[in-house]
Amino acid sequence: LIATVLAGAHFSAPSYAWSSARALADVFTIHNVQLLLVLYAVVLLVGVVSTLVTHARISKVIAGVTFLFIVSVVAQVLAGNSVFKSAGLEYVIFALLLGILLRLVIGVPDWLRDSLQSEFFIKTGLVLLGTSVIFGDVIKAGSLGLVQALLVVIVVWYFCFWLSRKLKIDQELAVMISSAVSICGVSAAIATCGAIQGDGKKLSYVVSLVLIIALPMMILMPLAATQLGLSPAVAGAWVGGTIDTTGAVVATGSQLGKAALDVSTIVKLSQNVLLGIAAVGISFFWMTRRDGTQQTKPNWQLIWERFPKFVFGFIIASLLFSFVITSEVVASSKDFIKALQTALFALAFVSIGLETDLSVLVKTGNGKPALVFVVAQAFNVVFTLAVAYFLFAGV
């Protein structure tokens with residue numbers, strides 16, 4: 001996608017801004033619809049490429065991606081309203097809510113399932129986000145982000161696991177919740193489930209918790225950062241180290257401005273980098289809890305399997321646009337790349353909404369696991385704010 005844009009395929013980004021019913025018609029002018037169709041064609045191409053990995057039927061993916069794109073456009077149009085904009089309600093919130101609503105109304109039809117590739121859409125969008133991050137900023141904030149990530153992961157993980165055991169939650173679910181809260185949400189929960197060969201139903205429960213708790217945090221944290229008078233760097237580090245879903249971090253950071261968005265993304269990527277190491281550590285921890293006599297050695301193949309490889313794409317894109325591409329080309333391509341990145345994130349959150357089963361939350365553990373998650377996340381918010389302020393106040 002980046003190569004295509006650099007080869008000269010520059011397009012204007014469609015506009016979603018409106019303030020009244022009359023102004024809403026401007027969103028659907030012939031010119032804007034043409035821009036939307038171009039964006040749709042590129043997004044559809046991304047969906048078709050995903051079939052090479054998932055081995056899904058192309059016909060179903062075309063139908064599914066078309067449906068998701070239409071819903072994502074509705075979400076972006078809603079977010080384009082001036083009232084919602086002033087309230088800080090971003091497109092990802094509407095995309096998630098629309099996805100949840102659609103699941104309640106129509107369920108998840110068979111023709112749509114193959115297109116619900118939320119992780120794929122998010123990680124592709126994050127690689128595109130790398131084009132807007134200057135590498136010098138990555139070096140400056142990345143080392144601090146790694147220090148913060150280490151402190152937060154270790155302290156929050158053990159606090160959450162201790163609290164889970166105090167409330168007599170089974171160890172398997174406790175480990176998955178602890179990883180989701182402390183490391184990087186959905187990806188960490190999935191990696192942990194694989195490392196301990198956990199129950200898929202428990203994983204689904206934890207993923208639902210992550211997504212539902214992320215929603216109010218996306219709204220409240222930017223407001224809290226503004227009220228507390230936090231600098232963009234501190235606010236970004238706080239958001240990046242606290243919110244568990246990478247896409248939600250991007251959405252929340254964008255509400256605080258580009259500087260905060262850059263830092264929040266870098267801090268979240270620092271936590272993602274630790275995912276592979278953490279998965280191996282958790283697998284050793286799990287084997288020790290189950291059999292204290294078992295001896296283990298580092299499994300580097302497992303580390304490589306767990307490592308989130310989209311981080312390489314993010315760094316390469318950042319290097320390319322920082323040192324290789326001319327400033328003129330960067331300036332002429334950034335709007336369309338940003339529009340494409342936003343479209344992919346919107347698709348991802350519609351998919352997440354469709355994958356979220358609210359009924360699961362009611363049936364598991366009489367609410368105790370949800371209570372643990374909320375309390376641990378509250379602890380995470382306070383602890384990470386203190387660490388972010390200490391490390392990033394002078395950045």
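**Entry 1: before I start**
I am working with a predicted model, and I keep that in mind throughout.

**Entry 2: aromatic pairs**
I began with the rings. A pair of aromatic rings is described by the distance of the centres and the angle of the planes. How many aromatic pairs does the count come to? I found nine aromatic pairs.

I looked up Phe84 and Phe94 to start with. Their ring centres are 5.0 Å apart and their planes stand at 55°, so I noted this pair as tilted.

Next I asked where the two residues sit. Phe84 belongs to helix α5 (residues 82-86) and Phe94 to helix α6 (residues 91-106), so the pair ties together parts that are ten residues apart in sequence. Then I checked the cover on each residue. Phe84 has 29% relative accessibility and counts as partly exposed, whereas Phe94, at 11%, counts as buried.

My next pair was Trp157 with Phe161. Here the centres lie 5.3 Å apart and the planes make an angle of 10°, so I wrote down "stacked". Both residues are in helix α9, four residues apart, so about one helical turn separates them. Are they buried or exposed? Trp157 is buried at 6% relative accessibility, and Phe161 is buried at 6% too. The reason is the cut-off, because buried means under 20%.

I also noted an aromatic cluster, which is made up of Phe159, Trp162, Phe379 and Phe383.

**Entry 3: a positive patch**
Which residues form the positive patch? I listed Arg165, Lys166, Lys168 and Lys368. I followed up on Lys166, one of these residues. Lys166 is in helix α9, which covers residues 135-166. With a relative accessible area of 54%, Lys166 is exposed, because exposed means over 50%.

**Entry 4: a nonpolar patch**
My last stop was a nonpolar patch on the surface, formed by Leu1, Leu45, Val49, Leu52 and Val53. Together they have about 470 Å² of accessible area. I picked out Leu1, which is placed in the segment before α1 (2-6). Its relative accessibility is 34%, and I recorded Leu1 as partly exposed.

Key
Residues are numbered from 1 along each chain as its sequence is written. This is a predicted model: local features need pLDDT of at least 70, side-chain atom pairs count only at pLDDT 80 or more; totals for chains, interfaces and linings use all residues. Side-chain values use heavy atoms; hydrogens and water are left out. Patches are made of residues with over 30% relative accessible area and no salt bridge: like charges are joined within 9 Å, nonpolar side chains (Val, Leu, Ile, Met, Phe, Trp, Tyr) within 5 Å. Accessible areas come from the Shrake-Rupley method with a 1.4 Å probe; for residues, only the protein chains shown count as cover. A salt bridge is a side-chain nitrogen of Lys or Arg within 4 Å of a carboxyl oxygen of Asp or Glu. Lys and Arg count as positive and Asp and Glu as negative; His and the chain ends are not counted. The place of a charge is taken as NZ of Lys, CZ of Arg, CG of Asp or CD of Glu. Buried means under 20% relative accessible area, exposed over 50%, partly exposed in between (1.4 Å probe, protein chains only). Rings of Phe, Tyr and Trp (its six-membered ring) pair if their centres lie within 6.5 Å; planes under 30 degrees apart count as stacked, over 60 as edge-to-face and the rest as tilted.
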